[in-house]
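Subject: Structure handover

Hello,

I am passing on the structure below, followed by notes on what was found in it. Please read the notes with the structure open.

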Amino acid sequence: MASVRAARPVPKRRRRLGLHKPSPPANRPATHAGAPLRRPLFAYEGLLGIGGLQGVDISAGIQASLSGRYATALFQLARDERAIDTVSADLDTVRAALAESAEFRLLTQSPLIGRRDAARAVAAAAGTLQLSPIASNFLGVLARNGRLRELGAILRAFKALVAAHRGVTEAQVISAHPLDATQLGALKDRLKARFGREVAIDAQVDPAILGGLVVRMGSRQIDGSIRTKINMLANAMKG
C-alpha cells in the first residue's frame, strides 16, 4: 500500500459535526501532518496476524479479540513511526468526539451507512478534528473494513497497550457521576499505594451503578457500587 501523501491544509471553519476539539496538552509532540511515513500504512494482512509485541507485556485477552488486533496493529505502527504520544492524543480527541457528538456516534454504529459513505464521513471528521495522518488513515481503514463499531473497544485496548509500554498499569474506573481532578488524583494515589505501581485511570461514567465506584485492573475488580450493595442486600433478605 502506498505511503501517506501530504495532508491538505485543514479548513479553519468547523463543519457539520459541530465538535469542539479540546486544546492539546502542552507536552503533546507536534503532529507530523503531511510527513510521509517510513513504512506503508496498515498492511493489515500481516499486522493483524502478529503474535506479540517485543518489549511490551500485554494480556492475551487484547490480542485474542478483533478490536485488540486492530489496536495492536495501530500501536506497532505508531511505535515504529515514533508517534505514540501523537496517536494517543489523537485517540483521546476521537474518544471525546464519541462522547460529545451524537452524529459521530451514529456514524460509527449505524449498519445503514455504507462503507464508502462511512469512509468519506470519517475523512471529513478527521479533518475537522485535525488528526495526524496515522490516526486519520486508521479511521479510514476501519470504515472501509466495516469495523467502525469496534472503535470504542479499540480505543480502550490501545490505551492499555500504551500504559504497558510505559510501565504503567491501567485501571478502569466507573462512577455514576464524573469525577473531578481532585477525586481522580486521590484515587490514583490510593491505587498506587495498594498495588505498588504507577496507575493510569480510564474514567468512565455509568449512571446505572447509582453511586460508588467499580474499579477494574486486569483480571481484578473492586465493586463498591451502590447497585451491587443493593443487590446483595436483596439477595440476603430473600434468605
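Predicted model: local features only at pLDDT ≥ 70, side-chain atom pairs only at ≥ 80, totals over all residues.

H4 itself covers residues 84-100, which makes 17 residues. From its first C-alpha to its last it reaches 24 Å, close to the 24 Å expected at 1.5 Å a residue. Most of H4 is covered, with 12 of its 17 residues buried. Among them are Ile84, Val87, Leu91, Val94 and Leu98, and also Asp90.

Val87 deserves a separate note. The largest nonpolar core has 37 residues, and Val87, Leu142 and Phe158 have the most contacts inside it. Two or more residues of this core come from each of H3, H4, H5, H6 (115-128), H7 and H8. Apart from it lies another core, of nine residues, including Ala171, Val173, Ile201 and Met217. Setting aside neighbours within four places in sequence, Val87 is in contact with Leu74, Ala78, Ile134 and Phe158.

Now the strands. E3 (residues 213-217) pairs with E1 (residues 169-175) in the antiparallel sense, over four bridges. E3 is also joined to E4 (residues 220-223), again antiparallel and by four bridges. Val215 of E3 stands opposite Val173, and its bridge partner in E4 is Ile222. The hairpin of E3 and E4 has two residues between the strands, and Gly218 there takes a positive phi near 65°.

Regards

Conventions
Residues numbered from 1 in each chain as written. Heavy atoms only, no water. Pairing = 2+ DSSP bridges. Expected span 1.5 Å × (residues − 1). Buried < 20%, exposed > 50% of the residue type's maximum accessible area, 1.4 Å probe, protein only. Core = buried A, V, L, I, M, F, W, Y, C linked by side-chain atoms within 4.5 Å. Contact = heavy atoms within 4.5 Å.
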